[in-house]
Amino acid sequence: MTYNRDNPFTARLKFRRRLNGQASDKNVQHIVFDMSNSDISYKCGDSIAVFPKNNGSKTAEILSLLKIDPETQIKLPFLGEKISISSALGEYLCITNLSEQFWKWLAEIETNSAMGAFISDKILHSDPECQVLAKSYSLLEILKKFDGRCEVEPDELVSKLRRLTPRLYSIASSPLVDRNEIHVVVGVVSYANAIGNKRNGIASNYLAHDASIGEGIRVFVVKSMFALPANAESNIIMVGPGTGIAPFIGFLQERRYMMDRGDKIGASWLFFGDRNRTTDFLFEEELQTFKNSGILTNLDLAFSRDQENKIYVQDRIWEHRKELWSWISNGAHVYVCGNASKMAVDVENTLKKIAMELGNFAEDEANGFLKSLKDNRRYQRDVY
Ligand SMILES: Cc1cc2nc3c(=O)[nH]c(=O)nc-3n(C[C@H](O)[C@H](O)[C@H](O)COP(=O)(O)OP(=O)(O)OC[C@H]3O[C@@H](n4cnc5c(N)ncnc54)[C@H](O)[C@@H]3O)c2cc1C
């Protein structure tokens with residue numbers, strides 16, 4: 001059976017634990033999906049796409065404010081059968097990021113009300129500040145602001161909301177160890193938006209708090225080019241701070257499995273980092289066990305907030321540049337996973353600097369060198 005966006009598999013949420021210590025201001029969760037009976041095939045480096053659900057009390061409050069019976073049956077264009085409006089808002093539609101089309105529709109049906117005037121004057125205006133408002137109000141917030149005084153047809157409401165999209169998570173387990181489980185590492189997103197309203201990331205909070213153990217969750221595997229070298233004897237350098245550690249747990253599990261069955265395995269070097277060692281050393285025990293068993297040859301850590309001057313993975317890479325350059329020169333594969341906007345850029349710049357200093361390359365030659373590593377799949381990134 002092929003599972004995809006239109007035909008996801010319903011996995012059970014099997015296990016969840018917080019990876020940070022209680023005193024941490026971060027919340028990263030180790031989540032396990034039970035994939036029994038799915039026959040899903042995946043490899044280390046692939047991702048799993050998860051269809052999240054909106055917070056149940058929020059959807060109930062929306063329906064209550066709108067005086068719509070939660071069991072009202074409606075039809076969604078992408079689903080065969082009719083479902084209750086409560087399921088539609090809970091599982092299929094986005095109730096936070098509202099489209100311009102949605103605001104226009106609401107302004108139209110509320111032409112003579114305070115809500116309609118507010119939307120027309122403040123949200124649908126081309127003024128940059130109003131554009132911020134358009135992106136900032138959730139459905140529940142706009143209804144509450146006007147005490148839910150708004151009459152909408154259930155079918156029309158659902159037709160104006162965007163479809164809830166699946167979120168990707170890097171798989172943190174090897175199918176060779178247990179193909180009936182998929183592990184992921186989820187950083188819980190929570191922030192105040194541009195108008196100071198609290199926003200909880202939909203999928204991360206669903207997986208971390210709202211979903212109960214045993215609950216069915218729609219998922220499918222997304223294949224990736226991010227993969228261990230075909231030759232198990234190749235050395236690998238892994239850079240994965242924070243949730244970027246995820247695929248490397250799978251890589252190390254897979255290499256341990258291969259070593260246990262007698263295969264010859266190349267050396268592995270992991271650069272991991274986060275804020276504080278005492279609270280944010282994710283998978284500390286597992287990594288120490290990999291190290292003790294010889295599967296993980298080098299482990300270098302960067303805890304940015306444990307000293308006055310922040311230290312990041314790229315600083316550790318730079319400190320170890322001579323050995324690292326020797327690994328790369330001898331054919332090691334380099335993998336980077338995690339934050340795309342900052343970490344992956346800083347790591348790439350550091351690799352470039354190392355190539356310039358130790359490979360005696362001019363800047364454009366160093367860029368060409370990194371490009372050739374990428375082209376040969378010896379420098380791979382899984383960044384988001
Ligand atoms: C290939 C790939 C692999 C991934 N692997 C992982 C993984 O292994 N682990 C993991 O945790 N995530 C991973 N992600 C990210 C993940 O898919 C989700 O994007 C993430 O969990 C947030 O989803 P959410 O539904 O909780 O948040 P959403 O409800 O989607 O909200 C997130 C959005 O909120 C906004 N936002 C977030 N923080 C702030 C802020 N401080 N200020 C203002 N706006 C903000 C941004 O617009 C952001 O896009 C991966 C993504 C990709 C593409």
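Helices (H or I, at least four residues) and strands (E, at least two) are taken here as DSSP runs, numbered from the N terminus. In this predicted model, alanine 49 falls within strand E3, which covers residues 47-50. Alanine 49 has 19 C-beta neighbours inside 10 Å and therefore counts as partly exposed, given that a residue is buried if 20 or more other C-beta atoms lie within that distance. Although 117 residues along the chain separate alanine 49 from proline 166, their C-alpha atoms are 5.6 Å apart. Once neighbours within four places in sequence are set aside, the contacts of alanine 49 are Pro166, Leu168, Val219, Phe220 and Val222.

Valine 184 itself touches Ile31, Ile48, Tyr169, Ser170, Ile171, Ala172 and Ala246, residues up to four places away in sequence not being counted.

The ligand, too, lies between domain 1 (9-51 + 166-222) and domain 3 (236-383), since both give residues to the shell around it. Of the 20 residues around the ligand, those that come nearest are Tyr191, Gly201, Ala203, Ser204 and Tyr384. Strand E6 (167-170), strand E7 (181-187) and helix H8 (202-210) each supply at least two residues of this shell, whose composition by class is 12 nonpolar, 6 polar and 2 charged residues.

Methods:
Residues are numbered from 1 along each chain as its sequence is written. This is a predicted model: local features need pLDDT of at least 70, side-chain atom pairs count only at pLDDT 80 or more; totals for chains, interfaces and linings use all residues. A residue is near a molecule or strand if its C-beta atom, placed from the backbone, lies within 6 Å of it. Ala, Val, Leu, Ile, Met, Phe, Trp, Tyr, Cys and Pro count as nonpolar, Asp, Glu, Lys and Arg as charged, and the others, Gly among them, as polar. Domain bounds come from an automatic or database domain assignment. A residue is buried if 20 or more other C-beta atoms lie within 10 Å of its own, exposed if 12 or fewer, and partly exposed in between; C-beta atoms are placed from the backbone. Two residues are in contact if their C-beta atoms, placed from the backbone, lie within 7 Å.
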